[in-house]
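This report walks through one protein model for a reader who is new to structures. Please look at the sequence and the three-dimensional view first, and then follow the sections below.

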Amino acid sequence: MTRTRPAEPPRPAQPAEPALLRGLLKTPAYRRILLLCALVGIPVSLVCFWFLAGMHELQRLLWKSLPHALGWDGPPWWWPLPLLLVAGAVVGLVAARLPGAGGHIPAAGLAVGGASTKVLPGVLIAAVASLPLGAVLGPEAPLIALGSGFALLLRDLARGPVTPQATVLMGVAGAAAAIAAIFGSPLIAAVLLIEVVGVGGPQLVAVMLPALLSSGVGALVFTGFGRWTGLQTGGLSFKLPGPVPRLDAADVGWALLVAVLVAAVLRQTMGVGRVVAAFVAKGPVARTMLCALGAGGCAAVYALATGRSPVDVASSGQATMAALADDPRAWGVGALVAVLLCKTVGYALCLGSLRGGPIFPALFLGAAAGVLASPLPGLGVVPAVAAGLAAAAASVLRLPVSSAVMAILLIGSPGMTPVVILAAIAALITTELLPGPEPRTPVD
């Protein structure tokens, strides 16, 4: 009698995702895209460098050199009014007559990707008219559009593949190089794009490889070129003074309260910005000028009330935030309350009318709120500012991981990670539960 051997158990099938990714990496077309993205990181970083350096120099000319040449120690209280009126007129004309309307509206959130070469002239003109002239917005949105559009332009000049996949990858790679330039870290670019892209498995890796490659190469070129030329680009960085305290229950409790309040205020501010955008859409030129003039009025009122420079309000906030972090005690309670009120109103007006990014002013407002709250019993400056930064970023971006990474890198203190994570989560929950008009998706 023949004995039959028991059937062997079936071998587990090879995971599909690694096989798909391996096959994708063996594809000549994808390897060509990777090489092109690595090369794209160099010119995109150089374009971003000169864009930021030009914005920084133009802002210094308008707000420092010109007032000094006219005999003032600094810009007088009324200085923002004519500058922002000009900004409103130019942006209104761009929005009414040029393709792309000068870029996406900041009140809709941060757009990553979707830029095309035909909209670049309008984006650049609107950014130059908005940011150096005192818009309460950051440079990140036009810079991302510039990086994405320029990458696609280089793809076309190099006669690269014009497939939908290649267009997405090249656009994301250019955006990643731009994000790494403005935030000073390829890590922020990687994490931000991971959350924005919103895909998993091999698709995520396939998109992130070109983005990481481009942002890493671009960061090297951007940093080295800046040291070689000696020019400043106004990057987002600051260092809080003093030793980092050990966290205790009071720090965490107060930090969560700060995060909820910051998120609630910024949620309503973004909502007002979208209302302003709907108002401006019915008459782009005249109504953009009116809203820009209103933002200038906020800066003028602040300067009259406090005796400080109107630049504290009429700017993205990155330079002012660095000064605030260097010496938080130099700002009295009255000045902090005034800058929070005036900059919030100006921010809401600019969100719906001018062109720029929503992140930088929000980070300043979060940091200023943290400094204002820091004298509370048991709360220190470092955890309060860390919570304010994380909450501000999370409420505007609605991307908790990116917001936490951004705040940790800005603070430069891994010991604040628990407070940052809790603040980002509390802010996101607060933002989602509060009523108000919903923004468009951040991926255009």
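## The chain as a whole

Of the 444 residues in the protein chain, 53% count as buried, where buried means under 20% relative accessible area, exposed means over 50%, and partly exposed lies in between, with a 1.4 Å probe and protein chains only. This is a predicted model, in which local features need pLDDT of at least 70 and side-chain atom pairs count only at pLDDT 80 or more, while totals for chains, interfaces and linings use all residues. Residues are numbered from 1 along each chain as its sequence is written, and side-chain values use heavy atoms, with hydrogens and water left out.

The protein chain has 16 helices and zero strands; helices (H or I, at least four residues) and strands (E, at least two) are DSSP runs, numbered from the N terminus. Among contacts (heavy atoms within 4.5 Å) between residues at least 6 apart in sequence, 81% join residues at least 24 apart.

## The surface and a nonpolar patch

The accessible surface of the protein chain comes to about 18,800 Å², and 70% of this belongs to carbon and sulfur atoms; such areas come from the Shrake-Rupley method with a 1.4 Å probe, and for residues only the protein chains shown count as cover.

Leu66, Leu70, Trp72, Trp77, Trp78 and Leu304 make a nonpolar surface patch of about 580 Å². Patches are made of residues with over 30% relative accessible area and no salt bridge, with like charges joined within 9 Å and nonpolar side chains (Val, Leu, Ile, Met, Phe, Trp, Tyr) within 5 Å.

## Salt bridges

A salt bridge is a side-chain nitrogen of Lys or Arg within 4 Å of a carboxyl oxygen of Asp or Glu, and by this rule the count comes to three. In one of them, the side chains of Glu57 and Arg60 meet at 2.7 Å, N to O; both residues lie in helix H2, three residues apart, which is about one turn of the helix. Glu57 is partly exposed, with a relative accessible area of 30%, and Arg60 also counts as partly exposed, at 38% relative accessibility.

Asp312 and Arg308 form another salt bridge, at 3.1 Å, N to O. Here Asp312 counts as buried because its relative accessibility is 9%, whereas Arg308, at 28%, is partly exposed. Arg398 and Glu432 also meet in a salt bridge (3.7 Å, N to O). Arg398 lies in the loop between helix H14 (381-397) and helix H15 (400-411) and Glu432 in helix H16 (residues 417-433), so this pair ties together parts that are 34 residues apart in sequence.

## Cysteines without disulfides

How many disulfides does a search of the whole structure find? The search finds zero, with a disulfide taken as a pair of cysteine sulfur atoms within 2.5 Å. For Cys291, the nearest cysteine sulfur is that of Cys350, 8.8 Å away, and Cys291 counts as buried because its relative accessibility is 5%. For Cys298, the nearest cysteine sulfur is that of Cys342, 6.0 Å away.

## A buried arginine

Arg355 is placed in the loop between helix H12 (333-353) and helix H13 (359-373). Arg355 counts as buried because its relative accessibility is 8%. Leaving aside neighbours within four places in sequence, Arg355 is in contact with several residues, including Val91, Gly102, His104 and Leu137.
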